[in-house]
Amino acid sequence: MKGYVVKRLFYMIPTLFGASILIFFLYSLVPGNFIDADQNLTAERKAELYELHGYNEPVVIRYFIWLKNLLKGDLGYSLQFQLPVGEVIGNYIWSSFIVALASLILTWFIAILVGIVSAIRQYSIWDTFITIIVFAAMATPSFFLGLVIIKIFAVDLGWLPAGGMISTGSNFTGWEYVKDVAEHMILPVLVLTMLGIGGLTRYFRTNMLEVIKQDFMRTARAKGLKERVVIFKHGLRNALLPAITLFSFELPALFGGAIITEQIFNWPGIGAIYMQAFSVRDYPLLMGFTMFIAVLTVLSNLLADILYGIADPRVRVKK
Amino acid sequence: MESSAVTLEKNKKLPRSSSLWRQIARRFLQNKMSLIGLAFLIFIILFSFIGPFFSPYVNLGVDPTNINQSPSAQHWLGTDKLGRDVLTRLMLAGRISLLVGLGAMVMSVVIGGVLGIISGFYRGIVDQIIMRIADVLMTLPGLPLLFIMAAILSEWKVPTEYRIYIVMLMLSIVGWPGLARLVRSQILSLSERQFMQATEALGLRDTRKLFKHLLPNIIPLLIVSGTLSVGGAILSESTLSFFGLGVVPPDASWGNMITSANSLLDFQKRPWLWVPPGLAIFLTVISINLLGDGLRDAIDPNMRRR
Amino acid sequence: MTLKKFVSAVGIIGLSALLVACGGGDSATNTNEQNVAAGQSDGVQKIIVEDAFIPAENPAASPEIAVKRGDTVVVGLQEPGGVFTPYFNTSGYDGNVQSVMFEPLVDINEKGETVAGLAEKWDISQDGLVYTFTLREGLKFDDGTPLTAADIEFTLTLLHDPAYAGNTDITEASIVGGLDYKNGDAASVSGIKVIDERTIEIATDKVNARTLRLLGGSVLKKDYYGNGYVKGNLDYLTPLHQKPIGAGPYRFVAYLPGQEIRYEANEYYYGGAPKAKGFIYKTTVGDAQQFFQTGELDYSALAANQDNFEFLQALGFADINIYTSSAYSYMAFNHEKEVFKDPKVRQAFSLGLDRQTIISTFYQGFAQVANVPVSPTSWAYTADVGSTAYDPEKAKALLEEAGWVLGTDGIREKDGKKLTVYYFTTAGGLGDTLIPIAKENYKEIGIDLQVEQMDFNALLARVDKGDHDLASFSTPMLPDPYNGVESFHTKSTNSTFKGFGNEEIDALIDATVATNDIAERTAAFHELYKALDENPPVIYMGYTKVLSGANARIEGFTPNGYRGIASSLRNLRLAE
């Protein structure tokens with residue numbers, strides 16, 4: 001196992017190197033740049049700014065400068081914020097993270113529950129009902145869902161704030177602050193959960209359907225075990241195995257931000273900032289953030305493979 | 001042990017595959033839900049492709065004197081922000097949305113499925129290569145890619161009405177790693193089950209193992225993934241227009257019909273703008289799903305019994 | 001799964017396009033009670049809503065959350081970049097943040113005329129070259145220290161620094177000795193002379209009607225922003241960008257990235273501290289209807305149309321302000337393309353497009369068709385030039401004259417080339433209405449219009465490369481009418497108008513800034529507009545209006561098309 005992990009860690013180097021090349025050159029091919037976007041600039045000023053920002057260098061040279069800085073841990077300097085990229089990301093990423101984490105936990109909890117129940121009672125009214133809800137959520141664009149939720153819970157009922165992370169102008173500290181943030185989190189978490197739950201529920205339902213037909217389930221029942229024990233101990237465990245892969249997809253997303261939901265709820269997250277950086281072509285910020293997510297993606301894929309080996313020793317042994 | 005009987009019967013008839021297919025078809029036709037799904041889907045397809053021929057509004061363009069009208073005898077589903085008949089646009093939009101949604105589904109399932117199976121089945125160096133490529137592709141940022149595609153297609157003066165299909169194709173080509181990884185992990189865990197161990201012991205050929213034993217077990221996953229991707233693809237089409245990769249006005253798609261009703265006011269005051277396309281997507285997705293469930297049950301006899 | 005990932009990423013973009021569409025093209029109005037019911041008939045369509053102020057009918061309906069906030073005013077703003085030093089920001093939203101705490105020497109009123117700001121008066125010498133500013137008496141920065149002519153001298157010198165990387169091109173003012181400082185080794189800008197604490201004299205090389213406002217910008221405190229200044233290195237300023245000291249109605253308190261910027265009333269402000277003690281810019285994206293409705297915002301500008309107007313009216317607690325923007329929107333021709341060399345063709349493109357229907361349908365009366373490159377709010381505007389007429393017959397005749405004859409497929413041809421034009425625009429907004437109508441209109445006169453949508457930044461890049469035939473744009477706010485025409489000059493570096501113009505038009509454009517006298521300038525502009533009507537640089541589209549709502553619990557919001565809400569901040573107070 002140890003050798004395997006070390007080998008995989010070693011493989012990360014060419015993967016990330018490839019990713020850095022792809023990321024840099026893709027962004028450099030995107031039409032438009034930060035300086036040209038300002039229509040008020042005179043040509044002389046533009047030329048001066050090009051010089052100041054080093055845009056006149058060939059792409060390849062710029063890539064190596066970027067790479068060199070990356071290796072030193074320097075993600076670059078955001079043009080729009082006039083701050084180091086790392087600092088900008090740090091300013092926004094944690095608020096994205098708490099919402100994503102809350103919704104991840106909620107999503108998995110509900111999806112597992114619903115998936116199991118739907119699978120056990122396949123084609124029952126309950127199963128049909130859940131299926132319809134899941135597909136209705138899937139036929140709804142996310143901005144639309146956000147608007148509807150705001151309309152109902154914030155505007156009409158007035159139960160919860162329509163957006164933002166803290167009450168405007170408030171100076172809460174300690175528990176008061178936590179409570180305030182929690183209150184503002186509810187609606188965005190709700191929307192993210194609704195958006196994410198559909199796919200996961202379907203996967204669980206299918207996996208459970210698969211698993212409960214396996215021989216070992218029949219064996220367990222034949223042994224006289226209670227149905228609940230059979231389902232949860234034997235069934236769920238095996239249905240969860242392939243879910244490790246699904247889970248690994250979600251890890252980078254914890255830090256990736258949710259662009260639309262953050263925008264609609266005015267949540268000060270990295271997703272909304274990424275989109276804004278795109279609209280002004282703040283390439284250092286865009287590339288730095290993408291590279292950061294790339295590292296997380298590669299790491300979580302590795303993690304998934306390792307976890308898989310731990311959870312299902314047979315897979316590993318065969319290797 | 002009815003199931004073993006079924007298996008035995010199946011095995012007996014294996015050499016003559018035509019009867020296997022006949023069996024699948026029979027089982028499929030016995031499933032009421034999947035027939036309903038099939039009927040729905042055929043209805044939606046006819047509605048979109050034949051329907052416009054019966055509409056008096058197909059060639060009529062913008063009518064600024066007649067905008068945002070609620071449903072009436074002349075306009076069964078009302079008119080939109082430019083005075084166009086919503087029902088007619090719904091039918092025309094269906095042509096594009098169905099092609100996009102179903103096309104994306106087929107491609108993502110085929111590419112992701114095949115690569116995942118190869119990777120999980122052969123393991124070793126093949127697996128390593130495919131998975132490392134997948135790693136790199138998964139780190140690929142989607143947005144710049146779309147911008148670049150838009151620029152290239154525009155430079156080549158590809159007619160705007162074809163761009164959406166090219167884009168969907170390219171997205172499937174770079175978008176396979178997710179499904180491939182899922183399929184691969186499923187295959188890995190299947191390979192360790194007793195029945196696969198048995199095939200090993202029996203010395204079955206690879207193709208036989210693949211097609212007769214592994215594939216039927218992967219199909220449920222492929223079906224879920226496929227049905228899930230239909231709705232997403234239909235909706236995402238509308239957002240592609242931001243890059244100039246989507247459907248260009250005045251052409252309609254279900255996605256951009258919903259997106260054009262983009263405010264709380266439209267939501268409240270003009271439900272006829274967003275309910276019909278929303279319902280169309282919903283019905284399409286659900287009927288494909290019913291169809292998928294039926295197909296799965298028909299192909300994999302294990303699945304029908306509990 | 002991965003496709004799904006793409007899809008959600010893409011979804012995001014779509015939304016932001018939508019939000020841009022909502023937030024961007026502000027404009028709207030409506031005065032009569034019966035209201036334009038969204039263009040029910042041809043007659044109604046042409047109604048143009050007047051600029052107006054409509055007081056709230058039921059101020060008591062204000063949500064509790066707003067009332068409880070007391071004398072703190074909250075206004076929505078897109079996420080700023082966080083550079084709050086004037087002249088150094090790259091994001092326009094930072095400019096909004098700055099305008100709360102920095103006031104310019106020379107301000108501008110709702111008609112686009114210059115008025116006193118921090119400078120109580122200014123004199124321009126007979127030859128139009130020497131400017132003498134006199135500051136108000138007893139001016140102070142918001143830390144209580146005096147603001148003097150030395151601070152102005154420092155500000156103008158800093159803008160000439162070779163390391164200055166901001167967007168202001170001070171060299172346009174042609175201050176004597178400016179270039180020597182910027183490019184040479186002069187130790188100071190020789191044309192700037194501090195006469196006494198309240199007086200400064202600036203000598204220039206060239207008469208330019210725009211110099212006054214270039215010189216009369218915000219003032220940077222010398223012993224703060226200049227502390228440690230060495231020519232050629234401005235890095236020391238970076239830590240100060242989020243700790244601004246200004247001389248405006250409010251003082252900066254705190255910046256919470258992604259959430260809000262807090263200010264407090266500045267008791268050192270020359271006009272006295274505003275009665276509303278607190279001011280907050282809250283980060284919002286696009287339309288902020290729901291936040292205004294729930295009381296989380298006290299002021300919000302919405303996309304101007306009938307729907308939003310009715311929405312504000314129905315709230316009851318909204319004071320509604322409708323005003324005309326100083327910008328105009330247009331479709332640019334690519335003048336480097338052979339087809340547009342002939343002015344007749346350009347006229348035909350304009351006449352053959354039913355602009356009235358497009359503007360009326362989309363803005364529902366909250367915009368009017370443009371015919372000259374300046375908004376009706378400006379002193380330079382004239383209604384006597386150009387016509388809004390849609391005249392396909394005349395357009396056809398003009399195309400025939402230019403040699404474009406009908407081909408067998410209904411599309412015109414000349415020398416075997418089809419009249420197919422590529423039109424670039426952004427997705428959403430006016431385009432969704434314009435495209436279907438324009439396609440029909442142009443088909444009728446034998447033009448094949450191909451449409452390409454892209455995001456705004458890509459649009460700029462493609463137009464810069466000259467890939468387009470037609471492209472949609474809107475100008476930014478135009479403080480001076482000259483800003484609306486300067487890019488038509490052959491010397492202009494704006495790539496959108498490459499290939500347009502001639503000596504005659506250049507001379508007419510130059511004439512509009514060759515004097516500081518408003519009457520002379522007005523005459524010069526009108527002459528220029530006439531010439532441009534014969535030789536159109538663009539297809540003028542519309543002058544849009546801005547629709548804004550203010551919670552009636554706060555009085556004093558009088559936004560205008562030149563400064564937005566900036567000039568009303570000093571007057572904010574709680575309603576009785």
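Among contacts in chain C between residues at least 6 apart in sequence, 70% join residues at least 24 apart. The model of this complex is predicted, and the predictor assigns the complex an ipTM of 0.77 and a pTM of 0.81.

**Confidence**

- The average pLDDT of chain C is 84, and 92% of its residues score at least 70.
- Residues 1–44 of chain C have a pLDDT below 50, yet this stretch has 148 contacts in the model beyond near neighbours in sequence.
- For chain B the average pLDDT is 78, with 90% of the residues scoring at least 70.
- In chain B, pLDDT stays under 50 over residues 1–16, and the model has five contacts for this stretch beyond four places in sequence.
- Where pLDDT is low, the predicted coordinates should not be read in detail.

**Overall form of chain C**

- Chain C contains 17 helices and 25 strands.
- A compact globule of 576 residues would have a radius of gyration near 25 Å, and the value of 25 Å for chain C therefore agrees with that expectation.
- Along the principal axes, the C-alpha atoms of chain C fill a box of roughly 80 × 60 × 55 Å.
- Of the 576 residues in chain C, 57% are buried.

**Overall form of chain B**

- Chain B has 13 helices and zero strands, and its pattern along the sequence is accordingly written α-α-α-α-α-α-α-α-α-α-α-α-α.
- Buried residues account for 50% of the 306 residues of chain B.
- Of the contacts in chain B between residues at least 6 apart in sequence, 70% join residues at least 24 apart.

**Four-stranded sheet of chain C**

- An open sheet of four strands in chain C has the order β5-β6-β8-β7, with antiparallel pairing.
- The edges are held by β5 (119–124) and β7 (192–196) of chain C; each has a single partner strand, so one side of each is left without a neighbour in the sheet.
- On average, neighbouring strands of this sheet are turned by 20 degrees against each other, direction ignored.
- Strand β5(C) is joined by five bridges to β6 (residues 130–135) of chain C, and the two run antiparallel.
- C:Trp122 stands opposite C:Phe133, a residue of β6(C).
- Helix α5 (residues 149–159) of chain C packs on the sheet and touches β6, β7 and β8 (199–203) of chain C. The direction of α5(C) makes about 175 degrees with that of β7(C).

**Five-stranded sheet of chain C**

- A further open sheet in chain C has five strands in the order β20-β19-β21-β14-β22, and its pairing is mixed.
- Strands β20 (448–453) and β22 (538–540) of chain C are the edge strands, each pairing on one side only.
- Neighbouring strands of this sheet are turned by 25 degrees against each other on average, direction ignored.
- Two bridges link β19 (residues 420–425) and β21 (residues 470–474) of chain C, which run parallel.
- C:Tyr423 stands opposite C:Leu470 of β21(C).

**Helix α15(C)**

- Helix α15(C) is mostly covered, with seven of its ten residues buried.
- These buried residues are C:Asn457, C:Ala458, C:Leu459, C:Leu460, C:Ala461, C:Arg462 and C:Val463.
- Their cover includes elements of three chains: α12 (270–280) of chain A, α6 (142–155) of chain B, and β19 and β21 of chain C.
- After α15(C) comes C:Gly466, which has a positive phi near 80 degrees.

**Contact between chains C and A**

- The contact involves 47 residues from chain C and 48 residues from chain A.
- On the side of chain C that touches chain A, the elements giving two or more residues are α1 (2–24), β2 (72–77), β10 (260–265), β11 (278–283), α9 (289–293) and α15 (456–465) of chain C.
- Helix α1(C) gives the most to this side, with eight residues.
- The residues on this side of chain C divide into 17 nonpolar, 20 polar and ten charged.

Definitions and conventions
Residues are numbered from 1 along each chain as its sequence is written. Chains are lettered from A and ligands numbered from 1 in the order in which they are written. This is a predicted model: local features need pLDDT of at least 70, side-chain atom pairs count only at pLDDT 80 or more; totals for chains, interfaces and linings use all residues. pLDDT is the predictor's confidence in each residue, from 0 to 100. Two residues are in contact if their C-beta atoms, placed from the backbone, lie within 7 Å. Ala, Val, Leu, Ile, Met, Phe, Trp, Tyr, Cys and Pro count as nonpolar, Asp, Glu, Lys and Arg as charged, and the others, Gly among them, as polar. The radius of gyration is taken over C-alpha atoms; the globule rule is 2.2 Å times the number of residues to the power 0.38. A residue is buried if 20 or more other C-beta atoms lie within 10 Å of its own, exposed if 12 or fewer, and partly exposed in between; C-beta atoms are placed from the backbone. Two strands pair if DSSP finds at least two bridges between them. Axes are lines fitted to C-alpha atoms, for helices over the stretch in contact, and angles run from 0 to 180 degrees between N-to-C directions.
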